[in-house]
Amino acid sequence: MKKAILEIDPLWREIADDSPESLNGRSVNKNSYATGVIGELAVSQALASLGIAHSHDDTYDYDFLAEGIRIDVKSSNSRFARVGDNNQAMLTDYLRNQNCDAYIFASVCHTDNLVYVMGCCAKFWFWETDFGQDYKAGEKISVRKIKQDARMLKYKHLTSIYELPLLLEALK
């Protein structure tokens, strides 16, 4: 899978530091709010570079509206550069009811000043594909128990961000 790699613009950090913590507040991870804002700004730049007209919609359910499709950006904080295709996206179960059409996954590596736009998929596909795996709260993943029911999917199963125009067309 081909991913986009963007350097974190210093302006993105300023925006993240100056923004009210209204949306990404349900996450429990360190730097989650700044990570979410930086991920959204990187995805906005990626969309623009692909020639996809979009608007930022400050809603609970989605971040961008592109060609009538509601897109939510899911950003994770990575400690390592070179986020690989075998790394996984994890979404907690409450997001199953989210009112959006597609996800774009970004991995933000603060230490290396990079954002990896790992790929995209239709929301329904993420929750239904056999490539994903469901976990219950308390189950151990790797070395830690998860706190809430969740679903995980390896990045390699996502559609490349460069194929997003085709995904948007299919979702219309």
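This report walks through the packing inside one protein chain, which is a predicted model.

**Strand β7 and its neighbours**

Let's start with strand β7 (114-122). Eight of its nine residues are buried, so β7 is largely enclosed by the rest of the structure. Who sits beside it? β1 runs antiparallel to β7, and four bridges join the two. One of the residues to look for there is Ala 4, whose bridge partner in β7 is Val 117.

β6 also pairs with β7, again in the antiparallel sense, over eight bridges. Here you can find Phe 105 standing opposite Gly 119 of β7. β6 and β7 make a hairpin with four residues between them, and Asn 113 in the turn has a positive phi of about 60°.

Leaving out residues up to four places away in sequence, Val 115 touches Ala 4, Ile 5, Leu 6, Ile 8, Trp 12, Ile 38, Ala 42, Ala 106, Ser 107 and Val 108.

Now hop over to Trp 12, which is found in helix α1. Trp 12 has a relative accessible area of 6%, so it is buried. With residues up to four places away in sequence again left out, its contacts include Leu 6, Ile 38, Leu 41, Ala 42 and Val 115. Trp 12 and Gly 39 are 27 residues apart along the chain, while their C-alpha atoms are separated by 9.2 Å.

**Helix α4: two faces**

Is each side of a helix buried or exposed? For α4 (residues 164-171), the buried residues are Leu 164, Leu 167 and Leu 168. Looking down the axis of α4, these fall within an arc of 100°, so they line one face of the helix. They pack against α2, β3, β4, β6 and β7. The face turned away from that buried side carries the exposed residues Leu 166 and Ala 170.

**Aromatic rings**

Across the whole structure there are five aromatic pairs. Two of them look like this:

| Pair | Type | Centre to centre | Angle between planes |
|---|---|---|---|
| Tyr 103 and Phe 126 | edge-to-face | 5.9 Å | 85° |
| Trp 125 and Phe 131 | tilted | 6.3 Å | 50° |

Tyr 103 counts as buried because its relative accessibility is 0%. Phe 126 is buried too, with a relative accessible area of 0%. Trp 125, in contrast, is partly exposed, at 25%.

Tyr 103 and Phe 126 also belong to one aromatic cluster with Phe 105 and Trp 127.

How values were computed
Residues are numbered from 1 along each chain as its sequence is written. This is a predicted model: local features need pLDDT of at least 70, side-chain atom pairs count only at pLDDT 80 or more; totals for chains, interfaces and linings use all residues. Side-chain values use heavy atoms; hydrogens and water are left out. Buried means under 20% relative accessible area, exposed over 50%, partly exposed in between (1.4 Å probe, protein chains only). The arc is that of the directions from the helix axis to the C-beta atoms. Contact means heavy atoms within 4.5 Å. Rings of Phe, Tyr and Trp (its six-membered ring) pair if their centres lie within 6.5 Å; planes under 30 degrees apart count as stacked, over 60 as edge-to-face and the rest as tilted. Two strands pair if DSSP finds at least two bridges between them.
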